[in-house]
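Try each task before you read its solution.

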Amino acid sequence: MFVFPHHSVMKKQLIGLIFSMFSVAYIPSVLAQQETAAPFKIGTESFILNGKPFVIRCGELHFARIPKAYWRQRLKMVRAVGLNTVCAYLFWNFHETTPGKFNWQGQADAAEFCKIAQQEGLYVILRPGPYSCAEWEFGGFPWWLLQKKDIKLRTQDPYYLERSRLYLKEVGRILSPLQITHGGPILMVQVENEYGSYGSDKDYLLKLRDYLKDAKFDVPFFTCDGVVQLKNDVQKDLFAVVNFGSNPEAGFKALREVQPEGPLMCGEYYPGWFDSWGNAHHTGSAERMVKELDYMLQQKASFSIYMIHGGTSFGLWAGANCQPYSPETSSYDYDAPISENGSANAKFYALREMLKKHLQPGEVLPKIPPAITAQKISAFNLTSVAPIFRQLGKPELSDTTLNMEDLGQGYGMVAYETTLPAGAKGTLDFGEVRDYAEVYLDQKLIGVLNRMKNEHSIALPALAKNTRLRILVEAMGRVNFGEYMHDRKGLIGEVYHISHTSKSLLKGWKHYSIPLGEGNPAFKYQPIGTAGKINEPAFYKGTFTAQNKKDFYLDMRWFKKGIVWINGHCLGRYWNIGPTQTMYVPGVWLHTGKNVVVVLDLHQPVAARLQGLEKPILDSLTEVKVSSNHRKGRQQFGNNVNHLIYSGTMQNSASWQIFSFPLRTGRYIALEALNNFAEDAYTSAAELELLDENGKEIPRTLWKIVYVDSEELKSQDGKSENVFDLQYTSIWHSQWKDRSPKHPHQVVIDLGAQTCISGIKVLPRQDMETGRIKDFRLYLAEKLFNGL
Ligand code: GLA
């Protein structure tokens, strides 16, 4: 053991040095790899651009979500708000729609996007993937990867790695010449995306980094992760940035713990959030955004605002989250400072005001481009119709059900058909239905199976004769985040006919592919008047006259659920449950004069009628009538004192609250909030983790909410599932809009199996104090609790 007689200062420095040598020592290694003459480098304290310290003020936008003709306008807005860099994902599936065939033209012209950014005075941070997330279909992965039955995405699976290598090689061919090292705008390149939320195989990341190097990328590489996931994949050879939606102090503190030196950067700062069907519209406070970004700049820290402009998930490109399955809306407005149609909103002006204070010497803010105006389109009727079932085409036959990928189909719908024998009433049981199915006996619709509600069985009436069973399955977005990403579509698993006497496997299936996407669906139409009553999914077609080529918002409120095309451009999905009730129509896709619109409706529209509005409707839910999605009638959490395992008090802070107790076993856990710090009626929580016998977080894959007394579903997405969705920005919040039921508030989770627990971690809401739990009780039981 060393003894230091008297020089405590020297002793401290020596200890500091030993610490930095044994701790991660990231920067020295990353720094060492950089060419001294490199125009852009990662310094020990700041980024270095052309030899001078440089603070990255960045905003994220996705060129795949913006009509090409508008790229320059959007980039001018990014410059005008006061940013100096734009961050862009590449979505692999947008460029390699079929294996080996790449498209870098038109809407997919990534090089052109980077060039325009440079012309508009912006640098570029490139996030090529192979995985991107971004609420984009399958996180950016091409659907055809799933044709390989045993593929293991985001691992060192040889097939997956080889396809990723070929894709990244192609990205290098197109974009490496646009790096700052070659006179272009690209400063840095990200490796994968938030891998720490999925795995911890650091070599996998280094392999991808090497593929990028082989693809001639020679600017610095980096990774991004959420605050807690940083530890899972930060490593010495890759610079790390941290993603957070609030509390920059805590975020940067966590980054410093794994990366003691180097520029501080927030890789994704969320001014708003994305929307999903059936959940309340998300907004974020402009005031908090400005305050927190100002704080970061005062620390000379860099940031990227995710999203500075969200745009639209046109076509069938919107993805989904899971568990529970939660498909995202077509609008990706994200409550960003630059709205979906490219216009400046209050957040834009507040941000510009603040950023004015942080310009580099000699840097001036350009004028704000002229405002974008929209047009009105008076209401008009669609006049012709194409019922789907009369035009199904040639089936693929198989004794077992084939999923969409087996049929060589990426997107759209599949109609499954077989025959049910005459017999007593019973049930049809499906393995999984991905994602929205209509079940018909002959022409008669007997029900809908919605994956969002985890529905996979349906009652069958008695059948007097052999009857045709037809199931039309619509694929909504493939999961873009988390462990459910191997998201094959269609009917997954076997289908059983169960009656009180027998359980029989259904065979002899016909599969009718109905591929959908860009371009009008190839169906024959007849005048609506001659088609008689339409009791099946159908395409409706009509025309409208546009006086000019200004944008507008198509009002979908007469229709129920489906997809829309204008002049062959697929605008995306719509669904009358909301929260969005309109679809953004870019003026550049219009003709002055006659325009053709096609609407698929899986249900029968109230009227085949549309109109164009000047303003969007992004926050109108139509189905929320309950105090909770997980409470039947007057169900109550009964007296369960015999299952009480712990009582405690939390701190009023944004940090994780950790409580340990003697090891207990059970399957159902209940967290009961008794009060909060504001002494009002609300409860909120962002995340909940349970610890096993070794104090390690227990996987949450099988968790399901079985009861919650109150969740705000109308004016905020306060659903209880948000406590295990790995997103720190989403929260469980008890009701506050229509009514504010008093404490106690309970959330009860089925862990899926008897589980040993030695502790609980609760992450309070991050953005404000409202509802933060103070005193609480924890219950654990092997069987469901009394009262439920
Ligand atoms: C993560 C991902 C992004 C996006 C945001 C949420 O942090 O990295 O791609 O999904 O969450 O919008």
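**Exercise 1. In what order do the strands of the open sheet of 6 strands stand, and which strands are at its edges?**

Step 1. This is a predicted model, so look for the sheet in the predicted coordinates. The order of its strands is β26-β15-β27-β32-β29-β30, and their pairing is antiparallel.

Step 2. Now go to the two ends of that order. β26 and β30 (569-575) each have a single partner strand, so one side of each is left without a neighbour in the sheet. These two are the edge strands.

Step 3. Zoom in on one pair. Strand β29 (residues 561-566) runs antiparallel to β30, and 6 bridges join them. Across this pair, Trp565 stands opposite Cys570 in β30.

As background, strands of a sheet pair through backbone hydrogen bonds, in either a parallel or an antiparallel way.

**Exercise 2. Do strands β6 and β7 pair in the parallel or the antiparallel sense, and how many residues of β7 are buried?**

Step 1. Find strand β6 (residues 123-127) and follow its bridges to β7: there are 3, and the sense is parallel.

Step 2. Check the cover of β7 (residues 186-190). Here 5 of its 5 residues are buried, so the strand is mostly covered.

**Exercise 3. Which parts of the chain does the salt bridge between Glu536 and Arg390 link, and is each residue buried or partly exposed?**

Step 1. Start with the contact. The closest N and O atoms of Glu536 and Arg390 are 3.5 Å apart, which is within the 4 Å cut-off for a salt bridge.

Step 2. Glu536 sits in the loop between β26 (526-527) and β27 (538-546), while Arg390 sits in the loop between β15 (384-387) and β16 (396-398). The pair links distant parts of the chain, 146 residues apart.

Step 3. Compare with the cut-off: buried means under 20% relative accessible area. Glu536 has 7%, so Glu536 is buried. Arg390 has 47% and is partly exposed.

**Exercise 4. Which residues are linked with Arg451 in a network of salt bridges?**

Step 1. Arg451 lies in the loop between β20 (444-450) and β21 (457-460) and Glu432 in strand β18 (residues 426-434), so the pair ties together parts that are 19 residues apart in sequence.

Step 2. Arg451 counts as buried at 7%, and Glu432 as partly exposed at 30%.

Step 3. Widen the view: Glu432, Arg434, Asp435, Arg451, Asp487 and Lys489 make up the network. In the whole structure, a search finds 42 salt bridges.

**Exercise 5. Which residues are closest to the ligand, and how much of its area does the protein bury?**

Step 1. Look around the ligand: 14 residues surround it, and the closest are Tyr89, Glu135, Glu268, Tyr270 and Tyr334. The shell divides into 9 nonpolar, 2 polar and 3 charged residues.

Step 2. A side-chain N or O atom of Glu268 is 2.5 Å from one, a polar side-chain atom of Glu135 is 2.6 Å from one, and a backbone N or O atom of Ala134 is 2.9 Å from one.

Step 3. Finish with the area: the ligand taken alone exposes 300 Å², and the protein buries 99% of that.

Note on methods
Residues numbered from 1 in each chain as written. Predicted model: local features only at pLDDT ≥ 70, side-chain atom pairs only at ≥ 80, totals over all residues. Heavy atoms only, no water. Near = heavy atom within 4 Å. Polar contact = N/O pair within 3.5 Å; in protein donor to acceptor, adjacent residues only side chain to side chain. Areas by Shrake-Rupley, 256 points an atom, 1.4 Å probe, with all protein chains shown as cover. Nonpolar A, V, L, I, M, F, W, Y, C, P; charged D, E, K, R; others polar. Salt bridge = Lys/Arg side-chain N within 4 Å of Asp/Glu carboxyl O. Helix = DSSP H or I, 4+ residues; strand = E, 2+ residues; numbered from the N terminus. Buried < 20%, exposed > 50% of the residue type's maximum accessible area, 1.4 Å probe, protein only. Pairing = 2+ DSSP bridges.
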